[in-house]
Amino acid sequence: MTTSERAGREVGSSDVVRRLRGGSDMLTSAALKRLDAELDWYRALAAEDRSWIGLVAQAGIAAFITWYEEPRAGTYNAQEIFRAAPPELTRSISLQHTLQLVRIVVEVVEDNAVQLAEPGQQRDLREAVLVYSREVAFSAAEVYARAAETRGAWDARLEALVVDSLVRGGDESLRSRISALGWSGRGSTLVMVGQAPAEMDERRTADLRRACRRAAQDALVGIQGDRVVVVLGGEGDLRGAAQSLLPRFGPGPVVLGPEVREVGEAGRSARAALAGVLAVSAWPGAPRPVPADELLPERMLNGDPLARRTLVEDLYKPLVAAGGPLVQTLEEYLAQGRSLEGAARALYVHPNTVRYRLRRIGQVVGWDPTDAREGFVLQVALAVGRLAGNGSRHSGL
C-alpha cells in the first residue's frame, strides 16, 4: 500500500480528530481571511455570495474531518460539499475560482497542521489533506461539467423557443429571453432560412451554432423540422457572415430576410425570409443566397401581404411621388420591350432623356429598370400599385 493510499484509508487518531473538530471554526475563519486578502474576484462578490462561500468552506473542512476519522463513512464529493449553497453559486464563481478556493483551504489546513496534530501525526495529516483535496478538485470539475452540460441543454431549448417566438411575431418577453442567451444587442439583425442538412443531430446542430457565433457578434439558431432558421446580429457585414455559413445548410435555396435595425424588428426579417423560401421555386435562376426582397413578385403571387405592401410602399409610391414623367417613362420602356429608342419615339423625347429618367428611377427606388430581373420587379410594382388604388395612370402629368 502506498503512502497516499495509507493516508486516505487509515483511521485518524481520536486525539487529532478532536483537535480538528475544535479548530474547525478557526480554520474556516483563517481560510476566509486568506480569500479576502488574495482573491480579487472574492472581494468583488455580493455579500450573500461571500456568505455562501463561507458555508462551503466550512462544509468542506467538516467533510474532511469526517473522512479523516473514517474514510468509508466520509465523502469527498464536491456536490455534497456545495449542497450548503444554492445551485446558482456555480454561476457566480467559475471552476477556476472553485479550485482556488480548494487550494487556499488546503493550505490553511496544512499551515495549521502543526498546531492540530502531534509531531508524529503531522505528516500523515498533511498527506491526508493532499489526497482529500485532490479528490475534491476532481469532483468539483465533474460538478461544473454536469452543470455546464445541463445549462447547455437548457440554453439550446430556450434558443429554439426564442427563434420560434421570433418567427411567430414575438411578445414583450422576447427581448429579455434573447438577453438571457447572451445577445449583446449591438448593430443590426438579419435572418436567414434554408434547408437543414441530412441527419441534423445534436452534434451537427452544436457545430452550426459555433460556426454562427464565429461569423457574427450575435447569433441564434433554430431547427424547425427540415428547416434551419439563423438569426445574425452585430455591427459587421451580416450579409458576408451569412454567405460564409452557406456550406452549413443543406441543398436548395437559402433566403436572406431584410436587414433590420435591431433584434426587436427581427420578426419582419424572419417572415420575409420564410415567405421567400415558400416562393423561391417560381424563380429557377435565383442566386444562393437570395435576398427576400428580390423575390417580391413571387412572394406577392404566392399571397404574401408583406411583399405586396413592400411593392406599394417602397417602389410604387416613391415613383409616383417623384413625378409623372418617371412613371410614364418606365411604362413605355417596359411596353416597348425595354428599348430606349422605342420608348423615346413613343414619348417624343430624345433617347438620352429616356436614359436619364431610367437612371433617376434607379436612384429613387434602388432598382435598375435596365436590368431584366429588376425591371420585372418594377413592372409588378406598377401593376400592384394601381390595383391597390394608390395613384392613377400618369399621375402628376
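Two strands are taken to pair if DSSP finds at least two bridges between them. The model is a predicted one, and in it Thr-189 stands opposite Gly-233 in β3.

**The sheet**

Strand β1, which covers residues 188–195, is joined by eight bridges to strand β3 (residues 227–234), and the two run antiparallel. Besides Thr-189, which faces Gly-233 in β3, Val-191 of this pairing stands opposite Val-231 in β3. β1 also pairs with strand β4 (residues 254–256), again in the antiparallel sense, over three bridges, and here Gly-194 stands opposite Val-254 in β4.

| Residue | Residue opposite |
|---|---|
| Thr-189 | Gly-233 in β3 |
| Val-191 | Val-231 in β3 |
| Gly-194 | Val-254 in β4 |

These pairings belong to an open sheet of five strands, whose order is β2-β3-β1-β4-β5 and whose pairing is mixed. At the edges lie β2 (218–224) and β5 (290–291), each of which pairs on one side only. Helix α12 (residues 202–215) packs on the sheet, where it touches β2 and β3, and its direction makes about 150 degrees with that of β2. Helix α14 (residues 266–279) likewise packs on the sheet, touching β1, β3 and β4, with a direction that makes about 25 degrees with that of β1.

How enclosed is strand β1 by the rest of the structure? Seven of its eight residues are buried, and the strand is therefore largely enclosed by the rest of the structure.

**A pair of helices**

Helix α2 (residues 14–22) and helix α5 (residues 47–69) have axes that come within 10 Å and cross at roughly 175 degrees. Because angles over 145 degrees count as roughly antiparallel, α2 is described as roughly antiparallel to α5. On the side of α2 the contact is made by Val-16, Val-17, Leu-20 and Arg-21, while α5 contributes Phe-64, Ile-65, Thr-66, Tyr-68 and Glu-69. Sorted by class, this contact of α2 with α5 has six nonpolar, one polar and two charged residues.

**An aromatic pair**

A pair of aromatic rings is described by the distance of the centres and the angle of the planes. The structure holds one aromatic pair. The ring centres of Trp-41 and Tyr-42 are 6.3 Å apart and the ring planes stand at 85 degrees, so the pair is edge-to-face. Trp-41 and Tyr-42 are both buried.

How values were computed
Residues numbered from 1 in each chain as written. Predicted model: local features only at pLDDT ≥ 70, side-chain atom pairs only at ≥ 80, totals over all residues. Heavy atoms only, no water. Buried < 20%, exposed > 50% of the residue type's maximum accessible area, 1.4 Å probe, protein only. Helix = DSSP H or I, 4+ residues; strand = E, 2+ residues; numbered from the N terminus. Contact = heavy atoms within 4.5 Å. Axes fitted to C-alpha atoms, helices over the stretch in contact; angles between N-to-C directions. Parallel < 35°, antiparallel > 145°, perpendicular 65-115°, else oblique. Nonpolar A, V, L, I, M, F, W, Y, C, P; charged D, E, K, R; others polar. Phe/Tyr/Trp six-rings, centres within 6.5 Å; stacked < 30°, edge-to-face > 60°.
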